[in-house]
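Subject: Structure handover

Hello,

I am passing a structure on to you. Please look through it first; my notes on what was found come after it.

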Amino acid sequence: MLTQTYTVIHPSGFHARPTKIFVHAATQFPCKVSLIKGAKKINAKSSLGLLSLGLKQGDEVTLEVDGEREAEALEELGALLTKIYEE
């Protein structure tokens, strides 16, 4: 299992479009992918789960990956958490 904490930098946080992009990328990996904000941990392959975190600019979120291709998943998905998405 690998974990790393990231800070959301997108001015609008994680709304529908970035959530869709992140979830699509997460489902490409066979490993378990979770996001943790505070005491809440969600399955990051679920749009509803990710939206329920209410991620805003400046929020810290921990990405946890466990299983096959976890290092690759951590690198790719971590980059998506700190990306500025075009509106």
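L35 touches F22, K40, K41, I42, A44, L50, L53, V61, T62, L63 and L81, leaving aside residues up to four places away in sequence; a contact means heavy atoms within 4.5 Å. This is a predicted model, in which local features need pLDDT of at least 70 and side-chain atom pairs count only at pLDDT 80 or more, while totals for chains, interfaces and linings use all residues. Residues are numbered from 1 along each chain as its sequence is written, and side-chain values use heavy atoms, with hydrogens and water left out.

The core

L35 is also one of the residues with the most contacts inside the largest nonpolar core, together with F22, V33, L50, L63, L77 and L81. That core has 24 residues. A nonpolar core here is a set of buried Ala, Val, Leu, Ile, Met, Phe, Trp, Tyr and Cys residues joined through side-chain atoms within 4.5 Å. Buried stands for under 20% relative accessible area, exposed for over 50%, and partly exposed for what lies in between (1.4 Å probe, protein chains only). Helix 1 (16-26), strand 2, strand 4 and helix 3 each supply at least two residues of this core, and helix 3 gives the most, with five residues. Helices (H or I, at least four residues) and strands (E, at least two) are DSSP runs, numbered from the N terminus.

Four strands make up an open sheet in the order 1-4-2-3, with antiparallel pairing; two strands pair if DSSP finds at least two bridges between them. Strand 1 (2-7) and strand 3 (40-43) are the edge strands, each pairing on one side only. From one strand to the next the twist averages 25°. Six bridges link strand 1 and strand 4 in the antiparallel sense, and T7 stands opposite E60 in strand 4. Helix 3 packs on the sheet and touches strand 1, strand 2 (32-37) and strand 4; the direction of helix 3 makes about 160° with that of strand 4. Axes are lines fitted to C-alpha atoms, for helices over the stretch in contact, and angles run from 0 to 180 degrees between N-to-C directions.

Strand 2 and strand 3 run antiparallel and are joined by four bridges. The bridge partner of K37 is K40 in strand 3. The hairpin of these strands has two residues between them, and G38 there takes a positive phi near 65°.

The helices

The axes of helix 1 and helix 3 come within 10 Å and cross at roughly 180°. I21, F22, A25 and A26 in helix 1 meet E76, L77, L80 and L81 in helix 3.

Other points

R69 has a positive phi of about 65° although it is not a glycine. Most residues other than glycine have a negative phi. R69 lies in the loop between strand 4 (60-66) and helix 3 (70-81) and is partly exposed, at 36% relative accessible area.

H15 is in the loop between strand 1 and helix 1, and is partly exposed at 26%. H15 and L51 are 36 residues apart in sequence and 6.9 Å apart in space, C-alpha to C-alpha.

Regards
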